[in-house]
Amino acid sequence: MKISVILPAFKAEATLRGCVQSILQDAPAGLELILVEDGSPDGTGDLCDELAAQDARVTALHRPNGGAAAARNTGLAAASGEYITFVDADDALLPGLWEAALPVLQAERPDLYGFGVQRADGGLECGPAGAYACPGALGEETLARLLIHTGVLAAPYAKFYRAALLRQHDICFDEALAVNEDVLFNLRFLAVCGPLRFGPGAFYRYSNLEAGSLSRRLRDDLLAAEAYTRPAFSAALAAFGLPPDAAKRLTAQRRLHSARAQFGLLAGQKGRLPLSRRRQLLAEIFAVPNARAALLADYRADPNRLLALPYRFCLRLGLPGLLAVYCAAKQHFL
């Protein structure tokens, strides 16, 4: 069985060699590792060529910089494996993956095979081990955990996609998105997905401590990305056969989750953002049903009561403008 691994590489000189070694270790002879150098300004491109020259299973592709979505799409166009998986250049595959996954892929031919993720901060994310006829068989609570509250079904890594299904439905990454492009990719795949299997064990190491990690830098597009991908989320839930009331609850949970994540970045991360934009985002967050109540509960439980007091005051009274001023000022004085 041929497996294609797609690895976008941008400014990855420090981590790429170790990542590639983790993929090739004990990998089957039929493995196809596609390195997609995304117009990196450093020596990443030369390193890709060097690694490709050392192992016949490795192919190096080069393209102008277009972001992770474009790089993954370049890899998808070149992939010839029966199953496709994605690895980020600062992450790694852990020993035992091929031994655990290949027999299941060969025997069962699921549309999707997922495995666990070991985060660099010590966290662990795993799906419910077992075989399922379709994503809808997971149930509402499990889907909420896997699609909304963790990256198990939201991220592109730690899973094998059946390539024929991707090609049949022309599923690729939306290059217009700078965030949630991976979520949208998975939603489109899950909407047409049949049998899926979650294996036991965590075989992917996710480096979520870097400054570029989603939760570690200020950005202002989480609410817009959720709204952009909401139709695909609803379509996937309908394809799963979820009752309308369950789909409505999950959609509301996802919207609230995005609002809390955006609020967390505004409140906790340093970065340049115009005051007017901060106020606009906070007003949008306040307009999300139950968002103020949920955030208020978070700050009531905050052990640092003094720093939490301005948040509680503004949340209770619904004052996005004042809170925007406080968040901006806090960057300079705290």
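**Close-up 1. Lys-248 in helix α9.** Lys-248 belongs to helix α9, which covers residues 244-268, where helices (H or I, at least four residues) and strands (E, at least two) are DSSP runs numbered from the N terminus. This is a predicted model, in which local features need pLDDT of at least 70 and side-chain atom pairs count only at pLDDT 80 or more, while totals for chains, interfaces and linings use all residues. Residues are numbered from 1 along each chain as its sequence is written, and side-chain values use heavy atoms, with hydrogens and water left out. With a relative accessibility of 65%, Lys-248 counts as exposed; the classes are buried for under 20% relative accessible area, exposed for over 50%, and partly exposed in between, using a 1.4 Å probe and protein chains only. Between the C-alpha atoms of Lys-248 and Ala-259, which are 11 residues apart along the chain, the separation is 17 Å.

**Close-up 2. Helix α3 and the elements packed against it.** Helix α3 spans residues 68-78, and its buried residues include Ala-69, Ala-70, Ala-71, Arg-72 and Leu-76. The buried residues of α3 pack against the strands β1 (3-9), β2 (31-38), β3 (58-63) and β4 (83-86), and also against the helices α6 (163-168) and α7 (181-190). From Arg-72, the charged end sits over the ring of Phe-173, 5.4 Å from its centre; for this, NZ of Lys or CZ of Arg must be within 6 Å of the ring centre and within 35 degrees of the ring normal.

**Close-up 3. Aromatic pairs.** The count of aromatic pairs comes to 16, where rings of Phe, Tyr and Trp (its six-membered ring) pair if their centres lie within 6.5 Å, and planes under 30 degrees apart count as stacked, over 60 as edge-to-face and the rest as tilted. One of them joins Tyr-132 and Phe-198 edge-to-face, at 6.3 Å centre to centre and with 70° between the planes. Because Tyr-132 lies in strand β8 (residues 130-132) and Phe-198 in strand β10, this pair ties together parts that are 66 residues apart in sequence. Phe-198 is buried, at a relative accessible area of 3%. The rings of Phe-173 and Phe-185 are stacked, because their centres are 4.0 Å apart and their planes are at 5°. Phe-173 is in the loop between α6 and α7 and Phe-185 in helix α7, 12 residues apart, and both residues are buried. Phe-86, Tyr-161, Phe-173, Phe-185 and Phe-189 form one aromatic cluster.

**Close-up 4. Leu-153 and the nonpolar cores.** The largest nonpolar core has 45 residues, and Leu-147 and Leu-153 are those with the most contacts inside it; such a core is a set of buried Ala, Val, Leu, Ile, Met, Phe, Trp, Tyr and Cys residues joined through side-chain atoms within 4.5 Å. Helix α7 gives the largest share of this core, 6 residues. Apart from its neighbours within four places in sequence, Leu-153 is in contact (heavy atoms within 4.5 Å) with residues including Leu-112, Leu-147, Asn-186 and Phe-198. A second, separate core of 38 residues includes Val-5, Ala-12, Ile-23 and Val-58.

Close-up 5. With a disulfide taken as a pair of cysteine sulfur atoms within 2.5 Å, the count comes to 0 disulfides. For Cys-19, the nearest cysteine sulfur is that of Cys-48, 10 Å away, and Cys-19 is buried, with a relative accessible area of 1%.
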